Amino acid sequence: MKKILLATTAMVAFAGAASAEVALSGYAEIGIFGGSEIETQFWNDIDVKFTLSGETDSGLTFGATIDLDELNGDSIDATGGGEARILSGENDSSVFVSGAFGKVTLGDTDGAFDWAMIEMSTLTTLADDHTTHVGFNTNSGFNTNSGFNTNSGLDGIYDGQVARYEYAFGDFAVAVSAELDDTDTPASGDAAMGLGLAWSGDLGGSAVKAGFGYQSNGDFDVVGVSAMATMAQGFRAGATYAQFDGPLAGDDGDHMGVMLGYATGALSMEVNYGKFTPDVGADQDGFGLAVNYDLGGGAVVMAGFGSDVDADTAGDQNQFSVGLGLSF
């Protein structure tokens, strides 16, 4: 899961532009990580993000992001015979242009399905323990721990370069996206095309948002709906549902997920549960827990737990982490 980079630490103005700036922000983690198949070990992680933005004399806005994610490479795979394995980090970038016509984004960005669908988590933990269990649906990525070929959105099914157009009107927004198959193979597939619809508003004093998404490349299809409500009493509740269809029997199935959270003062906590049900094969489900305590100044105490993070091994392979998240 991507970390939220909050605090701007540098701004640079460019000559010759009506308005332009570069913002540098960062995020770091320190703590311990472990689980049923992983020796308890130290954890640290550093992310750096550059945000570039500008505006033309006519009011057209433009920008780009460069996310140097997981600089230490501390993305841990809990599988591998009981020993943690270090995976390579992800450095993402995208460019956008925005105006009265809407907004166009190209690069490492969400397809329309992922853009519209709501993940059943609002908190962060060191190793994202609460969202890496086999029952959690990230709404993005062609393959995840679930083992299903069409986990949810088809983002990354080709080269990961997504073009998305979005337009907002009142409480509603719509998006369409495409990821081209730029391989040289004769059996190249169709582009992965997506459609997303989103709504946010107030219902009886509760802030509610909802999303609908559809994505297909001609072989694989995914469709889903999701919603989340934040109530005045500090409670949050959400639900999501998606169906997957592919050319093979093992590609078909559905997913459901729910979450419940509560926040009071500096303390926030949540629990989520998800379940993948294939048409062929065994169900896969799991739950996650997360607790955050905001110390102020960009420092947050975080603890997380995932009930089962390995779809390929019998039994529950849980993992946990506890430590500090630091935003700069």
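Two strands are taken as paired if DSSP finds at least two bridges between them, and strands are DSSP runs of E of at least two residues, numbered from the N terminus. The model is predicted, so local features need pLDDT of at least 70 and side-chain atom pairs count only at pLDDT 80 or more, while totals for chains, interfaces and linings use all residues. Residues are numbered from 1 along each chain as its sequence is written, and side-chain values use heavy atoms, with hydrogens and water left out.

Strand 14 and strand 15 (residues 253-264) run antiparallel and are joined by 10 bridges; within this pair, alanine 239 stands opposite valine 258. Strand 15 also pairs with strand 16 (residues 267-278), in the antiparallel sense, over 12 bridges. Glycine 253 has proline 278 of strand 16 as its bridge partner. The hairpin of strand 15 and strand 16 has 2 residues between the strands, and glycine 265 takes a positive phi near 60° there.

Threonine 240 belongs to strand 14 (residues 235-245). Threonine 240 counts as buried because its relative accessibility is 9% (buried, under 20% relative accessible area; exposed, over 50%; partly exposed, in between; 1.4 Å probe, protein chains only). The side chain of threonine 240 reaches the backbone oxygen of valine 225 at 3.5 Å. Leaving aside residues up to four places away in sequence, threonine 240 touches (heavy atoms within 4.5 Å) Met117, Ile118, Met120, Val225, Ser226, His255, Met256 and Gly257.

Tyrosine 167 lies in strand 9. Tyrosine 167 counts as partly exposed because its relative accessibility is 34%.

Terms used. Helices (H or I, at least four residues) and strands (E, at least two) are DSSP runs, numbered from the N terminus. A polar contact is a pair of N or O atoms within 3.5 Å; within protein, one must be able to donate a hydrogen and the other to accept it, and residues adjacent in sequence count only if both atoms are side-chain atoms.
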